[in-house]
Structure formats: structure tokens, C-alpha cells
Amino acid sequence: MPFLNETKTMSEFEDVMKKAVTFYGDIKLKKEQLEVLEAVYEGRDCVAVLPTGFGKSVIFHLIPYLTPQPKTVIVVAPITALMEDQLQSLSDKEISACSISMDGTFYNTVSQEDSCIKTVSMNHFNIAYFRLVYAYPETVTTNSRIRKLLLTKRFQEIVCCIVIDEVHMVSEW
């Protein structure tokens with residue numbers, strides 16, 4: 001789904017980026033991060049192969065804010081500790097995020113009251129509330145409940161991007 005059409009200009013991308021970073025905090029983006037964000041903004045598929053510690057997470061944390069109305073990014077990640085760290089980090093920045101359990105029956109999010117991770121039934125899941133939704137590869141590829149959710153019209157209207165993080169850790173798709 002393209003974010004823009006060919007009539008958009010570089011200055012419009014720069015304006016959107018200024019707005020996006022206000023949600024994230026004062027950061028200085030590297031050239032490669034900006035190139036990826038620009039590609040996504042232009043509606044192009046892209047692959048970013050960047051070294052550990054480079055700031056790949058910042059890229060997909062900013063993607064929801066590249067659209068006129070904030071949307072949701074699905075982050076497929078195979079490591080529980082990574083997801084939990086990301087949830088805490090995003091909560092500190094007041095960016096709503098959750099991680100869906102491997103069996104798709106519940107999701108975890110950070111409680112605004114005490115900053116602890118809390119578990120909530122998927123019966124209460126509202127994708128529009130979250131800017132980032134983390135899920136295991138197995139959850140999005142083999143869980144029938146989550147696969148049905150991925151195919152709904154509502155989901156397709158809300159989600160602007162799917163990111164595969166730590167892809168080298170995924171042994172089988």
C-alpha cells in the first residue's frame with residue numbers, strides 16, 4: 001500500500017519526517033535510516049540489511065507516523081526478550097505497542113499505571129489502538145486465528161507495513 005503518489009515531493013517527505021520524530025523524541029537519523037523511511041514513504045518495498053546496533057528499530061518505530069493519520073506496523077520477531085525490551089522502550093516514549101502470544105490467545109502490553117507488562121485476552125484486541133504490534137513468525141504463518149485477523153478489511157486498512165526483524169534467527173517459514 002503506497003503512502004503517497006508520484007506527485008509528492010522531497011520537501012513533503014522532510015515535513016512528514018519532522019512530524020514523525022516529534023512522536024519519537026529528539027533523534028538524529030543516519031543516511032541509511034532516512035533512505036529506508038523514504039522508500040517506505042514512497043510506497044516501495046525495501047530490504048534493510050544493517051549491522052547490530054545501527055538503529056533498525058528506530059526505522060520501524062517511525063513508520064506509523066509517515067501517514068496523515070497514524071497507522072500500525074506489524075513487526076515479526078522471533079525473540080521474546082527483544083519484544084519485551086521494545087515494549088518497555090516504546091512505552092517510555094508513550095508509543096502504544098503490544099506483542100501477540102505464539103498461540104494467538106493473548107497479547108502483552110505495558111500498563112500505563114505501573115509500567116509493568118500485562119497480559120490481555122485477544123478477545124479485547126483492537127489493532128487500531130497500537131502503533132506497533134509484535135508477533136512471532138509462527139503466529140503469523142501458522143495460527144489460523146491470527147491469519148483470519150490478517151485478512152480482515154479492518155486490519156488491512158489499519159496496517160501500513162510489515163517488518164521482519166532478526167530474520168537470521170528464523171529457521172523455518
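Which residues form one aromatic cluster? The cluster is made up of Y107, F125, Y129 and F130.

The model is predicted: local features need pLDDT of at least 70, side-chain atom pairs count only at pLDDT 80 or more, and totals for chains, interfaces and linings use all residues. Residues are numbered from 1 along each chain as its sequence is written, and side-chain values use heavy atoms, with hydrogens and water left out.

**Aromatic pairs**

A pair of aromatic rings is described by the distance of the centres and the angle of the planes. Rings of Phe, Tyr and Trp (its six-membered ring) pair if their centres lie within 6.5 Å; planes under 30 degrees apart count as stacked, over 60 as edge-to-face and the rest as tilted.

| Pair | Centre to centre | Angle between planes | Class |
|---|---|---|---|
| F13 and Y41 | 5.4 Å | 55 degrees | tilted |
| Y107 and F130 | 5.6 Å | 75 degrees | edge-to-face |

F13 lies in helix α1 (residues 10–24) and Y41 in helix α2, so their pair ties together parts that are 28 residues apart in sequence. Helices (H or I, at least four residues) and strands (E, at least two) are DSSP runs, numbered from the N terminus. Both F13 and Y41 are buried, where buried means under 20% relative accessible area, exposed over 50%, and partly exposed in between (1.4 Å probe, protein chains only).

Y107 is buried at a relative accessible area of 6%, and F130 is buried at 2%.

**Helix α2**

Helix α2 spans residues 31–41, and its buried residues are Q33, V36, L37, E38, A39, V40 and Y41. After α2 comes G43, with a positive phi near 85 degrees.

**The loop at T67**

T67 lies in the loop between α3 (56–62) and β1 (72–76). T67 is buried, with a relative accessible area of 9%. A polar atom of the T67 side chain lies 3.4 Å from the backbone oxygen of P64. For the backbone oxygen of Q69, the distance to a polar atom of the T67 side chain is 2.5 Å.

**Strand β6**

I162 is placed in strand β6 (residues 159–164). I162 is exposed, with a relative accessible area of 52%.

Note on methods: A polar contact is a pair of N or O atoms within 3.5 Å; within protein, one must be able to donate a hydrogen and the other to accept it, and residues adjacent in sequence count only if both atoms are side-chain atoms.
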